[in-house]
Amino acid sequence: MDKSRGAIVCLVTLGVCLLAGCNDAKAPPSGRATGRSGAAAADKEEEVRPREEPPKRPALAPVVEVQREDYAEVRARFRTKLSHQGPSPQQEPMPRCPAGVTEVEFASGPLRLKAWVNRPPQDGPARPAVLFVHGGFGFGPPDWDMAQPYRDAGYVVLTPMLRGENGQPGSFSLLYDEVDDVLAAAKYLAKQPYVDAERLYLAGHSSGGGIALLAAMASGQFRAVASFDGLPDMAAVFKPGSEANEVRFDLNDPRELQVRSALAYAASFKCPARLYYSRQAWEHMHLTSRRTAEVAKERGLDVEAHLVEGDHLSMVQPAMKQSIEFFGAKVPEK
């Protein structure tokens, strides 16, 4: 598994481990021997005594609390406090741009960041576009390849490299300041003559899915958004007192986790949204994806959560095909 794929899976795996600890997950009783002779003795005992049903684990509940404030207004006031400034924990070299792909630069505040885009011929009509936010904490060619179905469907696709990634300037903040980079990349993309700014869509995978959901709450510039196994509840992954290389802020401040959790501001979506989550995803991702959609629907918003067969990576292609149909149905009224 290459570094990019490994880091994508790492975030979800970390959540499983931390939640297991918080829910008092217990190891099998030590009295059950694992050797062949011990197993035989245990089997003989089970023939005499009826087998007991294991106790049912209580259903998981969302950790982050749903907030009443609009996410865009919260972002206008809140500033994350980083314990230290530095690059992404996943250090990847700047990849070489493949044939048929153009590397561009866009401004995100004082930062100049790079992105890849499949720029179409200049004499063609303006096309719909998808801003695709990669998973993990560093960009690589597999992230570009992942979005191929969008390009095959005729979309211009732009994938930005975010602050602190691939040797770029800026400090990694874990799903907060990176939202500004996505919004800046969208602003750049919408201004390109080959892009139909009225048909600008947003999508992301894993950590990029979480960023995409937050960006769609922070701005109304997108026609629709799709998230692929993006976790809406960061408070379930990172607990007060825990340590993780990805965390650069105070975990004892609940606001820091709220502003990184789409579920907390589920009523703030500025466009229709679809949260696709995989069959083999962590149980909490299933629950919080559905809960995010429920809260949004209660506010009359077009937000749905859909289960997709497969694991964290294999689910992307079938889910992306579903999102293409979803995007195609969300076009400007004539």
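I began with the charged side chains, and found Glu103, Glu105, Arg112 and Lys114 linked in a network of salt bridges. I counted a salt bridge where a side-chain nitrogen of Lys or Arg is within 4 Å of a carboxyl oxygen of Asp or Glu.

Before going on, I noted that this is a predicted model, where local features need pLDDT of at least 70 and side-chain atom pairs count only at pLDDT 80 or more, while totals for chains, interfaces and linings use all residues. Residues are numbered from 1 along each chain as its sequence is written, and side-chain values use heavy atoms, with hydrogens and water left out.

Salt bridges. I looked up the total, and the structure holds 18 salt bridges. Side chains of opposite charge can pair when their charged atoms come close.

Next I checked Arg223 and Glu198, which form a salt bridge at 3.4 Å, N to O. Arg223 lies in the loop between α7 and β6 (225–228) and Glu198 in strand β5 (residues 195–205), so the pair ties together parts 25 residues apart in sequence. Helices (H or I, at least four residues) and strands (E, at least two) are DSSP runs, numbered from the N terminus. Arg223 is partly exposed at 25%, as is Glu198 at 49%.

I then looked up Glu309 and Arg279, a salt bridge with its closest N and O atoms 2.6 Å apart. This pair links distant parts of the chain, 30 residues apart: Glu309 is in the loop between β8 (303–308) and α10 (316–329), and Arg279 is in the loop between β7 (273–278) and α9 (283–298). Arg279 is partly exposed, at 44%.

Cavity. I found 1 cavity of 30 Å³ or more. The largest cavity holds about 60 Å³.

Its lining includes Val133, His134, Phe172 and Ile211. Helix α7 (residues 207–218) gives the largest share of that lining, 3 residues. By class I noted 6 nonpolar, 4 polar and 2 charged residues in the lining.

Notes
On a 1 Å grid over the protein atoms alone, a cavity is a set of points where a 1.4 Å probe fits but cannot get out, and a pocket is an open set with protein on both sides within 12 Å along at least five of seven lines; lining residues have an atom within 4 Å of a point. Grid points are joined across faces, edges and corners, and a volume is the space filled by probe spheres set on the points. Ala, Val, Leu, Ile, Met, Phe, Trp, Tyr, Cys and Pro count as nonpolar, Asp, Glu, Lys and Arg as charged, and the others, Gly among them, as polar. Buried means under 20% relative accessible area, exposed over 50%, partly exposed in between (1.4 Å probe, protein chains only).
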